[in-house]
Amino acid sequence: MNNLKIGDKVVMNDKYHVSAENKGRVWTVGSDPWECCGKTVVKLEGKAGGYAVDGLDLIRKRDEYIKREVLSKIMNDIAGDETCPNIAADIYYAVDCAPTADVEPVRHGHWEEGIRTRRSIAGKIEDFRCYECSSCGEYSLCETKYCPRCGAKMA
């Protein structure tokens, strides 16, 4: 999967060990692929170092979906038109036979700037600026378009 590009959304597959914390987590590719120790790797936003691309699955962009209830209302309006009652029945049948899609609503959020305290390796207590996701509470050192933990699209 060397065709990954910056901004692609990926999840870690089971080719390599994936911690429970990262299983199912949506990551954003933050670099073009490069070679490292015989493996093709990419930078994932929010993760240090490179991650092997053969351990990632690309999340395909979703098509546009409509709600069956909305379409049913439109079809009811068509069926009420006396000039085309037969076509309305065919449309009802087609919609009822159509497979349903497994889609998840888009989460929206925003970054809230804050100051956190940490102890450095040298033992010094220091403050640093970070950003908290309003959707899940995850902290990030930089503002990104998506939360690396919950996938929320940031305003």
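**Exercise 1. Find which residues Ser31 is in contact with, leaving aside its neighbours within four places in sequence.**

Step 1. Start with the rule: contact means heavy atoms within 4.5 Å.

Step 2. Apply it to Ser31, and the partners are Ile6, Val42 and Lys43.

Step 3. Now place the residue: Ser31 sits in the loop between strand S2 (27-28) and strand S3 (34-36). Strands (E, at least two residues) and helices (H or I, at least four) are DSSP runs, numbered from the N terminus.

Step 4. Look at one partner again. A polar atom of the Ser31 side chain lies 2.9 Å from the backbone nitrogen of Lys43.

Step 5. Is Ser31 buried or exposed? Buried means under 20% relative accessible area, exposed over 50%, and partly exposed in between (1.4 Å probe, protein chains only). Ser31 counts as buried because its relative accessibility is 14%.

A word on the model before you go on: it is predicted, so local features need pLDDT of at least 70 and side-chain atom pairs count only at pLDDT 80 or more, while totals for chains, interfaces and linings use all residues. Residues are numbered from 1 along each chain as its sequence is written, and side-chain values use heavy atoms, with hydrogens and water left out.

**Exercise 2. Work through some of the seven salt bridges in the structure.**

Step 1. Begin with Lys39 and Asp54, whose side chains meet at 3.3 Å, N to O. This pair links distant parts of the chain, 15 residues apart: Lys39 is in strand S4, and Asp54 is in the loop between strand S5 (50-52) and strand S6 (56-58).

Step 2. Check accessibility: Lys39 is partly exposed at 34%, and Asp54 is partly exposed at 27%.

Step 3. Turn to Glu138 and Arg149, a salt bridge with the closest N and O atoms 4.0 Å apart. Glu138 lies in the loop between strand S9 (125-133) and strand S10 (139-140), and Arg149 in the loop between S10 and strand S11 (153-154), so the pair ties together parts that are 11 residues apart in sequence.

Step 4. Finish with Arg118 and Glu126, a salt bridge with its closest N and O atoms 3.2 Å apart.

**Exercise 3. Summarise the whole protein and the confidence in it.**

Step 1. Count the elements: two helices and 11 strands.

Step 2. Note that buried residues make up 25% of the 155 residues.

Step 3. Read the confidence. pLDDT is the predictor's confidence in each residue, from 0 to 100. The average is 82, and 85% of the residues score at least 70.

Step 4. Compare the elements: helix H2 (residues 85-97) has the lowest mean pLDDT (69), and strand S4 (residues 39-43) the highest (92).

Technical notes: A polar contact is a pair of N or O atoms within 3.5 Å; within protein, one must be able to donate a hydrogen and the other to accept it, and residues adjacent in sequence count only if both atoms are side-chain atoms.
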